[in-house]
Amino acid sequence: MNIHEYQAKELLAKFGVAVPQGYAAMSVEEAVEASKKLPGPLYVVKAQIHAGGRGKGKFKELGPDAKGGVRLARTEDEVRHAAGEMLGNTLVTIQTGAEGKQVQRLYVTDGVDIAKEFYLALLVDRATGRIAVVASTEGGMDIEDVAHNTPEKITTITIDPATGLMPHHGRAVAAALKLEGDLAKQAAKVLQGLYNAFLGTDASQIEINPLAVTDTGQLMVLDAKVGFDSNAMFRHPDLAELRDLTEEDPMEVEASKYDLAYIKLDGDIGCMVNGAGLAMATMDIIKLHGAFPANFLDVGGGANKEKVTAAFKIILSDPAVKGILVNIFGGIMRCDIIAEGIIAAAKEVNLGVPLVVRLEGTNVEEGKRILAESGLPIVAANDLGDAAQKIVAQVKQAA
Ligand code: ADP
Ligand code: MG
(Lines give C-alpha, C1' and ligand atoms only; values in the text may rest on other atoms or scores of the structure.)
(Ligands and ions follow the chains in the order given, each with its own letter.)
Protein backbone atom coordinates (compact mmCIF):
# COMPACT_ATOMS: atom_id res chain seq x y z
CA MET A 1 0.00 0.00 0.00
CA ASN A 2 1.41 3.37 -1.05
CA ILE A 3 0.71 6.84 0.31
CA HIS A 4 1.10 10.37 -1.00
CA GLU A 5 4.19 12.51 -0.52
CA TYR A 6 2.45 14.85 1.95
CA GLN A 7 1.28 11.91 4.05
CA ALA A 8 4.76 10.39 3.96
CA LYS A 9 6.32 13.65 5.09
CA GLU A 10 3.85 14.09 7.96
CA LEU A 11 4.70 10.55 9.03
CA LEU A 12 8.46 11.02 8.78
CA ALA A 13 8.26 14.29 10.72
CA LYS A 14 6.75 12.30 13.62
CA PHE A 15 9.91 10.20 13.59
CA GLY A 16 12.09 13.29 13.87
CA VAL A 17 13.08 13.58 10.22
CA ALA A 18 13.46 17.17 8.97
CA VAL A 19 10.96 18.10 6.24
CA PRO A 20 9.99 21.56 4.97
CA GLN A 21 6.72 22.95 6.31
CA GLY A 22 3.78 22.22 4.04
CA TYR A 23 0.04 21.64 3.76
CA ALA A 24 -2.18 19.47 1.59
CA ALA A 25 -4.82 21.21 -0.53
CA MET A 26 -7.84 19.83 -2.36
CA SER A 27 -8.84 23.05 -4.11
CA VAL A 28 -7.24 26.18 -5.54
CA GLU A 29 -8.51 28.21 -2.57
CA GLU A 30 -7.04 25.72 -0.11
CA ALA A 31 -3.72 25.93 -1.94
CA VAL A 32 -3.70 29.72 -1.62
CA GLU A 33 -4.66 29.48 2.07
CA ALA A 34 -1.86 26.96 2.60
CA SER A 35 0.71 29.28 1.08
CA LYS A 36 -0.36 32.04 3.48
CA LYS A 37 0.66 29.84 6.41
CA LEU A 38 4.17 29.43 4.97
CA PRO A 39 7.06 31.82 5.55
CA GLY A 40 7.81 32.44 1.84
CA PRO A 41 9.19 34.03 -0.25
CA LEU A 42 9.39 30.80 -2.26
CA TYR A 43 6.53 28.27 -2.40
CA VAL A 44 6.43 24.91 -4.15
CA VAL A 45 3.11 23.58 -5.43
CA LYS A 46 3.31 19.82 -5.93
CA ALA A 47 0.87 17.44 -7.60
CA GLN A 48 0.07 14.51 -5.32
CA ILE A 49 -0.16 11.28 -7.30
CA HIS A 50 1.26 7.87 -6.53
CA ALA A 51 4.03 8.19 -9.09
CA GLY A 52 7.42 9.82 -9.30
CA GLY A 53 8.93 11.96 -12.03
CA ARG A 54 6.30 14.64 -11.45
CA GLY A 55 8.73 17.52 -11.89
CA LYS A 56 9.57 16.45 -15.44
CA GLY A 57 6.02 15.25 -16.13
CA LYS A 58 3.60 16.82 -18.62
CA PHE A 59 -0.07 17.61 -18.30
CA LYS A 60 -2.15 16.11 -21.09
CA GLU A 61 -4.50 19.08 -21.19
CA LEU A 62 -1.83 21.79 -21.17
CA GLY A 63 0.40 21.21 -24.17
CA PRO A 64 4.14 20.47 -24.40
CA ASP A 65 5.45 23.84 -23.23
CA ALA A 66 3.53 23.97 -19.96
CA LYS A 67 5.35 23.27 -16.69
CA GLY A 68 5.16 19.91 -14.89
CA GLY A 69 3.78 18.71 -11.59
CA VAL A 70 6.28 20.45 -9.28
CA ARG A 71 6.15 24.23 -9.59
CA LEU A 72 7.85 27.10 -7.89
CA ALA A 73 5.74 30.12 -7.00
CA ARG A 74 6.67 33.49 -5.49
CA THR A 75 3.30 35.18 -5.12
CA GLU A 76 -0.25 34.33 -4.20
CA ASP A 77 -1.22 34.67 -7.86
CA GLU A 78 1.49 32.25 -8.95
CA VAL A 79 0.28 29.72 -6.37
CA ARG A 80 -3.27 30.19 -7.63
CA HIS A 81 -2.20 29.80 -11.24
CA ALA A 82 -0.12 26.65 -10.57
CA ALA A 83 -2.89 25.04 -8.50
CA GLY A 84 -5.51 25.90 -11.13
CA GLU A 85 -3.45 24.34 -13.92
CA MET A 86 -2.82 21.14 -12.00
CA LEU A 87 -6.03 20.24 -10.19
CA GLY A 88 -8.30 18.02 -12.23
CA ASN A 89 -5.78 17.65 -15.05
CA THR A 90 -3.90 14.52 -16.06
CA LEU A 91 -0.20 14.29 -15.29
CA VAL A 92 1.89 11.92 -17.38
CA THR A 93 5.30 10.94 -15.95
CA ILE A 94 7.77 8.15 -16.67
CA GLN A 95 6.04 6.18 -13.91
CA THR A 96 2.35 6.70 -14.74
CA GLY A 97 2.21 5.07 -18.15
CA ALA A 98 0.81 6.91 -21.18
CA GLU A 99 -2.67 7.28 -19.66
CA GLY A 100 -1.30 9.43 -16.82
CA LYS A 101 -2.98 10.17 -13.50
CA GLN A 102 -5.56 12.78 -12.65
CA VAL A 103 -4.37 15.23 -10.00
CA GLN A 104 -6.90 15.52 -7.17
CA ARG A 105 -4.69 16.73 -4.36
CA LEU A 106 -1.86 19.22 -4.06
CA TYR A 107 0.85 19.84 -1.53
CA VAL A 108 1.93 23.42 -0.96
CA THR A 109 5.29 23.51 0.72
CA ASP A 110 8.10 25.84 1.67
CA GLY A 111 10.61 26.34 -1.13
CA VAL A 112 14.16 25.77 0.06
CA ASP A 113 17.40 26.87 -1.57
CA ILE A 114 19.15 23.66 -2.51
CA ALA A 115 22.94 23.37 -2.35
CA LYS A 116 23.10 19.67 -3.21
CA GLU A 117 20.70 16.75 -3.75
CA PHE A 118 21.19 13.15 -2.61
CA TYR A 119 19.35 9.85 -2.87
CA LEU A 120 18.59 7.76 0.21
CA ALA A 121 16.27 4.76 0.39
CA LEU A 122 15.40 1.94 2.74
CA LEU A 123 13.83 -1.22 1.39
CA VAL A 124 13.49 -4.90 2.10
CA ASP A 125 16.31 -6.78 0.42
CA ARG A 126 14.89 -10.22 -0.28
CA ALA A 127 18.28 -11.72 -1.11
CA THR A 128 19.68 -11.05 2.37
CA GLY A 129 16.36 -10.94 4.21
CA ARG A 130 17.38 -7.61 5.69
CA ILE A 131 16.59 -3.95 5.43
CA ALA A 132 18.91 -2.44 2.85
CA VAL A 133 19.98 1.21 2.80
CA VAL A 134 20.74 2.60 -0.63
CA ALA A 135 22.60 5.91 -0.74
CA SER A 136 23.91 7.97 -3.62
CA THR A 137 25.38 11.39 -4.22
CA GLU A 138 23.31 11.52 -7.43
CA GLY A 139 20.02 12.79 -6.03
CA GLY A 140 17.12 14.37 -7.84
CA MET A 141 17.43 12.12 -10.86
CA ASP A 142 16.12 8.75 -11.85
CA ILE A 143 17.96 6.21 -9.66
CA GLU A 144 17.50 3.53 -12.34
CA ASP A 145 19.55 5.69 -14.70
CA VAL A 146 22.24 6.16 -12.07
CA ALA A 147 22.33 2.41 -11.44
CA HIS A 148 22.68 1.82 -15.17
CA ASN A 149 25.19 4.53 -16.10
CA THR A 150 27.27 5.03 -12.93
CA PRO A 151 26.67 2.08 -10.59
CA GLU A 152 29.81 2.99 -8.61
CA LYS A 153 27.93 6.04 -7.33
CA ILE A 154 25.44 3.89 -5.44
CA THR A 155 26.32 2.44 -2.03
CA THR A 156 24.20 -0.32 -0.50
CA ILE A 157 24.49 -1.50 3.09
CA THR A 158 22.30 -4.02 4.88
CA ILE A 159 21.31 -3.93 8.52
CA ASP A 160 21.46 -6.99 10.71
CA PRO A 161 18.08 -7.22 12.48
CA ALA A 162 19.82 -8.67 15.54
CA THR A 163 21.79 -5.46 16.15
CA GLY A 164 19.44 -2.98 14.51
CA LEU A 165 20.80 0.31 13.27
CA MET A 166 24.28 1.00 14.63
CA PRO A 167 26.34 4.23 14.66
CA HIS A 168 28.66 2.79 12.01
CA HIS A 169 25.72 2.56 9.58
CA GLY A 170 25.20 6.29 9.99
CA ARG A 171 28.89 6.93 9.35
CA ALA A 172 28.82 4.69 6.28
CA VAL A 173 25.88 6.59 4.81
CA ALA A 174 27.51 9.95 5.56
CA ALA A 175 30.69 8.73 3.87
CA ALA A 176 28.73 7.48 0.84
CA LEU A 177 27.17 10.94 0.55
CA LYS A 178 30.59 12.55 1.08
CA LEU A 179 29.31 14.51 4.09
CA GLU A 180 31.46 15.63 7.00
CA GLY A 181 31.14 17.37 10.33
CA ASP A 182 27.68 18.59 11.26
CA LEU A 183 26.14 17.37 7.99
CA ALA A 184 27.46 13.86 8.67
CA LYS A 185 25.73 14.00 12.06
CA GLN A 186 22.52 15.16 10.42
CA ALA A 187 22.77 12.29 7.91
CA ALA A 188 23.07 9.79 10.77
CA LYS A 189 20.03 11.37 12.45
CA VAL A 190 17.98 11.23 9.24
CA LEU A 191 18.93 7.59 8.80
CA GLN A 192 17.92 6.79 12.39
CA GLY A 193 14.55 8.49 11.86
CA LEU A 194 13.94 6.66 8.59
CA TYR A 195 14.94 3.35 10.12
CA ASN A 196 12.61 3.84 13.10
CA ALA A 197 9.82 4.84 10.72
CA PHE A 198 10.49 1.79 8.56
CA LEU A 199 10.28 -0.62 11.50
CA GLY A 200 7.49 1.22 13.29
CA THR A 201 5.16 1.24 10.31
CA ASP A 202 6.02 -2.14 8.73
CA ALA A 203 7.14 -0.27 5.65
CA SER A 204 8.30 -2.06 2.55
CA GLN A 205 9.96 1.00 1.06
CA ILE A 206 11.01 4.51 2.04
CA GLU A 207 12.61 6.40 -0.80
CA ILE A 208 13.92 9.94 -0.34
CA ASN A 209 14.78 11.59 -3.64
CA PRO A 210 16.00 14.17 -3.14
CA LEU A 211 17.43 14.47 0.31
CA ALA A 212 18.79 17.98 0.06
CA VAL A 213 21.40 20.12 1.76
CA THR A 214 20.02 23.64 1.96
CA ASP A 215 22.16 26.72 1.54
CA THR A 216 21.95 27.17 5.31
CA GLY A 217 23.46 23.73 5.90
CA GLN A 218 20.32 21.78 6.78
CA LEU A 219 19.73 18.26 5.57
CA MET A 220 16.06 17.99 4.53
CA VAL A 221 13.72 15.51 2.91
CA LEU A 222 12.24 17.20 -0.19
CA ASP A 223 10.47 14.19 -1.67
CA ALA A 224 9.38 10.97 0.00
CA LYS A 225 7.81 7.83 -1.35
CA VAL A 226 6.60 5.44 1.34
CA GLY A 227 4.99 2.03 0.85
CA PHE A 228 3.78 -0.39 3.49
CA ASP A 229 3.49 -4.15 3.64
CA SER A 230 -0.23 -4.66 2.99
CA ASN A 231 -0.18 -7.85 5.04
CA ALA A 232 0.77 -5.81 8.11
CA MET A 233 -1.89 -3.11 7.72
CA PHE A 234 -4.13 -4.78 10.29
CA ARG A 235 -1.55 -3.66 12.85
CA HIS A 236 -1.83 -0.03 11.71
CA PRO A 237 -5.45 1.08 11.38
CA ASP A 238 -4.31 4.71 11.44
CA LEU A 239 -2.05 4.14 8.43
CA ALA A 240 -4.66 2.09 6.60
CA GLU A 241 -6.81 5.23 6.62
CA LEU A 242 -4.22 7.00 4.48
CA ARG A 243 -5.06 4.76 1.55
CA ASP A 244 -6.27 6.71 -1.49
CA LEU A 245 -8.48 4.37 -3.47
CA THR A 246 -8.58 6.71 -6.47
CA GLU A 247 -4.91 5.85 -7.03
CA GLU A 248 -5.58 2.15 -7.38
CA ASP A 249 -7.05 -0.05 -10.09
CA PRO A 250 -10.85 -0.12 -9.43
CA MET A 251 -11.04 -3.88 -9.92
CA GLU A 252 -8.17 -4.46 -7.52
CA VAL A 253 -9.90 -2.22 -4.97
CA GLU A 254 -13.13 -4.19 -5.35
CA ALA A 255 -11.18 -7.45 -4.94
CA SER A 256 -9.46 -6.24 -1.79
CA LYS A 257 -12.88 -5.60 -0.18
CA TYR A 258 -13.40 -9.35 -0.32
CA ASP A 259 -9.83 -10.16 0.62
CA LEU A 260 -9.17 -11.54 -2.86
CA ALA A 261 -5.68 -11.34 -4.33
CA TYR A 262 -6.43 -9.99 -7.81
CA ILE A 263 -4.02 -8.47 -10.29
CA LYS A 264 -5.16 -7.28 -13.70
CA LEU A 265 -3.12 -8.55 -16.66
CA ASP A 266 -3.19 -8.01 -20.42
CA GLY A 267 -4.59 -11.28 -21.79
CA ASP A 268 -8.16 -12.44 -22.47
CA ILE A 269 -8.60 -15.56 -20.35
CA GLY A 270 -9.91 -14.83 -16.88
CA CYS A 271 -8.65 -17.16 -14.16
CA MET A 272 -10.15 -18.05 -10.82
CA VAL A 273 -7.86 -20.23 -8.77
CA ASN A 274 -7.27 -21.03 -5.13
CA GLY A 275 -3.72 -20.69 -3.91
CA ALA A 276 -1.05 -18.37 -5.32
CA GLY A 277 1.14 -21.22 -6.55
CA LEU A 278 -1.69 -22.93 -8.39
CA ALA A 279 -2.72 -19.56 -9.84
CA MET A 280 0.81 -19.07 -11.20
CA ALA A 281 0.83 -22.60 -12.65
CA THR A 282 -2.57 -21.96 -14.24
CA MET A 283 -1.31 -18.79 -15.91
CA ASP A 284 1.76 -20.66 -17.16
CA ILE A 285 -0.25 -23.44 -18.67
CA ILE A 286 -2.63 -21.02 -20.40
CA LYS A 287 0.44 -19.45 -22.01
CA LEU A 288 1.78 -22.88 -22.89
CA HIS A 289 -1.38 -23.44 -24.89
CA GLY A 290 -0.93 -20.21 -26.80
CA ALA A 291 -3.19 -17.75 -24.94
CA PHE A 292 -2.67 -15.11 -22.25
CA PRO A 293 -4.27 -14.75 -18.81
CA ALA A 294 -6.45 -11.68 -18.19
CA ASN A 295 -5.68 -11.69 -14.49
CA PHE A 296 -4.09 -13.35 -11.53
CA LEU A 297 -6.71 -14.26 -8.96
CA ASP A 298 -6.24 -16.22 -5.79
CA VAL A 299 -9.54 -16.71 -3.96
CA GLY A 300 -7.66 -18.03 -0.95
CA GLY A 301 -8.00 -21.17 1.09
CA GLY A 302 -11.15 -20.54 3.10
CA ALA A 303 -13.35 -18.79 0.55
CA ASN A 304 -17.12 -18.82 0.99
CA LYS A 305 -19.87 -18.51 -1.59
CA GLU A 306 -19.98 -14.71 -1.28
CA LYS A 307 -16.27 -14.48 -2.00
CA VAL A 308 -16.45 -16.75 -5.02
CA THR A 309 -19.40 -14.78 -6.38
CA ALA A 310 -17.47 -11.53 -5.92
CA ALA A 311 -14.43 -13.04 -7.62
CA PHE A 312 -16.49 -14.17 -10.55
CA LYS A 313 -18.10 -10.76 -10.97
CA ILE A 314 -14.73 -9.02 -10.87
CA ILE A 315 -13.37 -11.27 -13.62
CA LEU A 316 -16.46 -10.70 -15.74
CA SER A 317 -16.36 -6.93 -15.27
CA ASP A 318 -13.15 -6.87 -17.33
CA PRO A 319 -14.29 -6.29 -20.94
CA ALA A 320 -11.10 -7.97 -22.24
CA VAL A 321 -12.16 -11.35 -20.83
CA LYS A 322 -13.18 -13.74 -23.64
CA GLY A 323 -13.33 -16.88 -21.55
CA ILE A 324 -12.91 -18.05 -17.97
CA LEU A 325 -10.94 -20.88 -16.51
CA VAL A 326 -11.82 -21.93 -12.98
CA ASN A 327 -9.20 -24.17 -11.44
CA ILE A 328 -9.89 -25.20 -7.86
CA PHE A 329 -8.23 -27.73 -5.69
CA GLY A 330 -10.60 -28.28 -2.81
CA GLY A 331 -8.52 -28.77 0.29
CA ILE A 332 -9.87 -26.45 2.96
CA MET A 333 -12.15 -25.05 0.28
CA ARG A 334 -14.93 -27.45 -0.70
CA CYS A 335 -15.71 -28.00 -4.37
CA ASP A 336 -19.48 -27.84 -3.80
CA ILE A 337 -19.14 -24.32 -2.33
CA ILE A 338 -17.17 -23.24 -5.38
CA ALA A 339 -19.79 -24.76 -7.67
CA GLU A 340 -22.58 -22.90 -5.89
CA GLY A 341 -20.64 -19.65 -6.09
CA ILE A 342 -20.02 -20.06 -9.80
CA ILE A 343 -23.67 -20.74 -10.48
CA ALA A 344 -24.88 -17.87 -8.31
CA ALA A 345 -22.50 -15.47 -10.03
CA ALA A 346 -23.18 -16.79 -13.54
CA LYS A 347 -26.89 -16.25 -12.95
CA GLU A 348 -26.42 -12.74 -11.55
CA VAL A 349 -24.06 -11.56 -14.25
CA ASN A 350 -24.95 -12.33 -17.82
CA LEU A 351 -22.35 -15.00 -18.61
CA GLY A 352 -21.60 -14.28 -22.25
CA VAL A 353 -18.25 -16.07 -22.46
CA PRO A 354 -17.20 -19.74 -22.40
CA LEU A 355 -16.48 -21.17 -18.96
CA VAL A 356 -14.27 -24.17 -18.27
CA VAL A 357 -14.17 -25.56 -14.76
CA ARG A 358 -11.67 -27.97 -13.32
CA LEU A 359 -12.47 -29.14 -9.81
CA GLU A 360 -10.46 -31.56 -7.74
CA GLY A 361 -10.38 -32.48 -4.07
CA THR A 362 -12.90 -32.34 -1.23
CA ASN A 363 -16.51 -32.94 -2.31
CA VAL A 364 -15.49 -32.96 -5.96
CA GLU A 365 -18.30 -35.31 -7.03
CA GLU A 366 -20.90 -33.13 -5.35
CA GLY A 367 -19.36 -30.04 -6.97
CA LYS A 368 -19.42 -31.60 -10.43
CA ARG A 369 -23.00 -32.74 -9.96
CA ILE A 370 -24.12 -29.23 -8.97
CA LEU A 371 -22.46 -27.76 -12.06
CA ALA A 372 -23.83 -30.43 -14.40
CA GLU A 373 -27.38 -29.96 -13.09
CA SER A 374 -27.23 -26.17 -13.24
CA GLY A 375 -28.29 -26.02 -16.86
CA LEU A 376 -25.52 -23.50 -17.52
CA PRO A 377 -23.12 -24.00 -20.48
CA ILE A 378 -20.17 -25.01 -18.33
CA VAL A 379 -17.44 -27.19 -19.81
CA ALA A 380 -15.98 -29.63 -17.29
CA ALA A 381 -12.28 -30.50 -17.42
CA ASN A 382 -10.46 -33.42 -15.88
CA ASP A 383 -7.05 -31.96 -15.19
CA LEU A 384 -5.13 -28.73 -15.58
CA GLY A 385 -3.76 -29.50 -19.05
CA ASP A 386 -7.19 -30.53 -20.27
CA ALA A 387 -8.74 -27.39 -18.76
CA ALA A 388 -6.22 -25.04 -20.40
CA GLN A 389 -6.57 -26.73 -23.77
CA LYS A 390 -10.36 -26.53 -23.56
CA ILE A 391 -10.60 -22.86 -22.62
CA VAL A 392 -8.06 -21.80 -25.26
CA ALA A 393 -9.95 -23.81 -27.91
CA GLN A 394 -13.30 -22.34 -26.81
CA VAL A 395 -12.00 -18.76 -26.95
CA LYS A 396 -10.37 -19.30 -30.36
CA GLN A 397 -13.58 -20.85 -31.67
CA ALA A 398 -15.67 -17.91 -30.42
CA ALA A 399 -13.30 -15.35 -31.99
P1 ADP B 1 9.38 14.12 -8.49
O2 ADP B 1 10.47 13.20 -8.02
O3 ADP B 1 8.06 13.43 -8.55
O4 ADP B 1 9.72 14.83 -9.77
P5 ADP B 1 10.21 15.93 -6.35
O6 ADP B 1 9.47 16.23 -5.11
O7 ADP B 1 11.44 15.11 -6.22
O8 ADP B 1 9.18 15.27 -7.39
O9 ADP B 1 10.54 17.32 -7.04
C10 ADP B 1 11.38 17.44 -8.18
C11 ADP B 1 12.48 18.46 -7.91
O12 ADP B 1 11.89 19.69 -7.49
C13 ADP B 1 13.41 18.06 -6.79
O14 ADP B 1 14.48 17.25 -7.25
C15 ADP B 1 13.88 19.41 -6.28
O16 ADP B 1 14.97 19.87 -7.06
C17 ADP B 1 12.70 20.32 -6.52
N18 ADP B 1 11.95 20.50 -5.25
C19 ADP B 1 11.03 19.68 -4.71
N20 ADP B 1 10.57 20.14 -3.54
C21 ADP B 1 11.22 21.29 -3.32
C22 ADP B 1 11.19 22.28 -2.26
N23 ADP B 1 10.40 22.15 -1.20
N24 ADP B 1 12.00 23.35 -2.37
C25 ADP B 1 12.80 23.51 -3.46
N26 ADP B 1 12.88 22.63 -4.48
C27 ADP B 1 12.10 21.54 -4.42
MG1 MG C 1 11.60 12.99 -6.39
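I began with Asp223, which touches Glu5, Lys9, Lys46, Arg54, Glu207, Ile208, Asn209 and Pro210, not counting residues up to four places away in sequence; contact here means heavy atoms within 4.5 Å. This is a predicted model, where local features need pLDDT of at least 70, side-chain atom pairs count only at pLDDT 80 or more, and totals for chains, interfaces and linings use all residues. Residues are numbered from 1 along each chain as its sequence is written, and side-chain values use heavy atoms, with hydrogens and water left out.

I then placed Asp223 in the loop between β12 (219-221) and β13 (224-228); strands are DSSP runs of E, at least two residues, and helices are runs of H or I, at least four, numbered from the N terminus. Its side chain makes a polar contact with the side chain of Arg54 at 3.1 Å (a pair of N or O atoms within 3.5 Å; within protein, one must be able to donate a hydrogen and the other to accept it, and residues adjacent in sequence count only if both atoms are side-chain atoms).

Next I looked up Asn209, in strand β11 (residues 203-214). Asn209 is buried, with a relative accessible area of 15% (buried means under 20%, with a 1.4 Å probe and protein chains only). A polar atom of the Asn209 side chain lies 2.6 Å from the backbone nitrogen of Gly140.

Leaving aside neighbours within four places in sequence, I found Gln186 in contact with Gly217, Gln218 and Leu219.

Key
Chains lettered and ligands numbered in written order. Buried < 20%, exposed > 50% of the residue type's maximum accessible area, 1.4 Å probe, protein only.
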